[in-house]
Amino acid sequence: MTISTVDFDFVAREVKERSGLVLTPDKGYLLDTRLGPLARKDGFASVEEMLRTARVRRDERVLAAIVDALSTNETFFFRDKIPFESVREHIVPKLFAAKGKGARIRAWCAACSTGQEPYSLAMTFEEMRAAGQPIEAEIIATDLSDRVLEKCRAGLYSQFEVQRGLPITHLMKYFSKQGESWRVNDRLRAQIEFRRVNLLEQFNTLGMFDIVFCRNVLIYFDADAKKRTLERIAAQSHPHGFLLMGGAESTLGVTDAFQPTPDRRGLYARNAAWRKAA
Amino acid sequence: MKQCLVVDDSRVIRKVARRILEELAFEIDEAADGQEALNRCKKSMPDAILLDWNMPVMNGIDFLRRLRNEPGGTIPIVVFCTTENDLEHISEAMLAGANEYVMKPFDGDIIQAKFMEVGLL
Ligand SMILES: C[S@@+](CC[C@H](N)C(=O)[O-])C[C@H]1O[C@@H](n2cnc3c(N)ncnc32)[C@H](O)[C@@H]1O
């Protein structure tokens, strides 16, 4: 089965408008592999029929489910490791130097998927506390998808998920077994506030941040959306703030609002001189 | 090349583990139970040991306790790899001197992640 050009164009337009994800024609196969199961689950006879319903009736629920099915949620605990080392060894010392030791830290995971990233950050802070550092932190974790946010809030992970990137000592300390799955302890869960936020829409009500994780999401956006999103993140970042991006992402050539930190892969510092163009 | 001793009473599991670890550039030796593994280690300590729990003759936890009391027995990095997947077993293994713990079923990604965790990769 192949999707017609009309259907592809419709899906590509809706997805880009709603999430920023750019679907190029070579990704047409995704429509079959990812929308097929969704159509079946929702009782449609075919992907075409589901798309027709979405198009003709502008069924918001179906449209949101399509966007969700086409976005990549791949994530794991302590992904790439370096960002969490940077928090411990570079960011927090710099923040304490700028704001005073023990000053409250506000952190934002801007596309948190199923939660491994904010929980890894929370564990990083816990470990620093255990080592005697006066960490007082607030973590806000957001994503576009209600489905992943539900999983974040439940904090329930499969045996496979807890074995990707999570040291066994952390599993013992921060999780408890529930059936065949593992649940994040209440103490850790209470440290994170999960909310639905679309990065294409306003998010200034979240307030100002010292640390922003925006990893492996802008990579799917076009250049214009990337720039606008980064500059709006800069507007929510304190002058001494930091941004962490994914391994294949950079602000270079996109915006001057953040500048790469030498020798710290994926770490960018807010450019205090940068002002949002009027 | 780093050496890894794969200890499991299942030939199939040893074969799967061997394939994964050889791809990660380890030189592999195999043992089918704890006693056999201990004999190997007494001759020469490997850099790493992937260790099953339930085995005939001598199980993994008994092997580990004896290994850690051998001369040079603290050298190998021991990664448990077992179907035992509750906190009690994990704690017991770590107390006995394991460095990491894999809950079966495993795949290449998990082995690689865990071996990275303990600095073997
Ligand atoms: C690949 S995951 C990245 C997860 C995590 N940051 C990491 O690096 O492991 C990308 C996430 O971005 C979310 N996403 C996509 N478009 C978004 C948007 N416009 N606003 C907010 N989140 C979005 C998806 O729902 C998905 O969960």
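How many residues of chain A are in contact with how many residues of chain B? In this predicted model, 16 residues of chain A are in contact with 19 residues of chain B.

**View 1. The area buried between chain A and chain B.** The two chains bury about 1500 Å² between them, and 59% of this area lies on carbon and sulfur atoms. On the side of chain A, A:Gln163, A:Ile168 and A:Met172 supply 43% of the area that the chain buries against chain B, which is more than any other three residues.

**View 2. Polar and charged pairs across the interface of chain A and chain B.** One salt bridge is found across this interface, and it joins the side chains of A:Lys81 and B:Glu117 at 3.7 Å, N to O. Between the two chains, eight residue pairs are in polar contact, counting those with both residues at pLDDT 80 or more. The elements that give two or more residues to the side of chain A that touches chain B are helix 8 (168-174) and strand 4 (175-178) of chain A, with helix 8 contributing the largest share, four residues. The residues on this side of chain A comprise nine nonpolar, four polar and three charged.

**View 3. Strand 1 of chain A and its parallel partner.** Five of the five residues of strand 1 (residues 105-109) of chain A are buried, so this strand is largely enclosed by the rest of the structure. A:Ile105, A:Ala107 and A:Cys109 point one way from the strand, whereas A:Arg106 and A:Trp108 point the other way, and all are buried. Strand 1 runs parallel to strand 2 (residues 137-143) of chain A, to which five bridges join it, and A:Cys109 has A:Ala141 as its bridge partner in strand 2.

Note on methods: Residues numbered from 1 in each chain as written. Chains lettered and ligands numbered in written order. Predicted model: local features only at pLDDT ≥ 70, side-chain atom pairs only at ≥ 80, totals over all residues. Heavy atoms only, no water. Contact = heavy atoms within 4.5 Å. Buried area = accessible area lost by both parts, 1.4 Å probe. Salt bridge = Lys/Arg side-chain N within 4 Å of Asp/Glu carboxyl O. Polar contact = N/O pair within 3.5 Å; in protein donor to acceptor, adjacent residues only side chain to side chain. Nonpolar A, V, L, I, M, F, W, Y, C, P; charged D, E, K, R; others polar. Buried < 20%, exposed > 50% of the residue type's maximum accessible area, 1.4 Å probe, protein only. Pairing = 2+ DSSP bridges.
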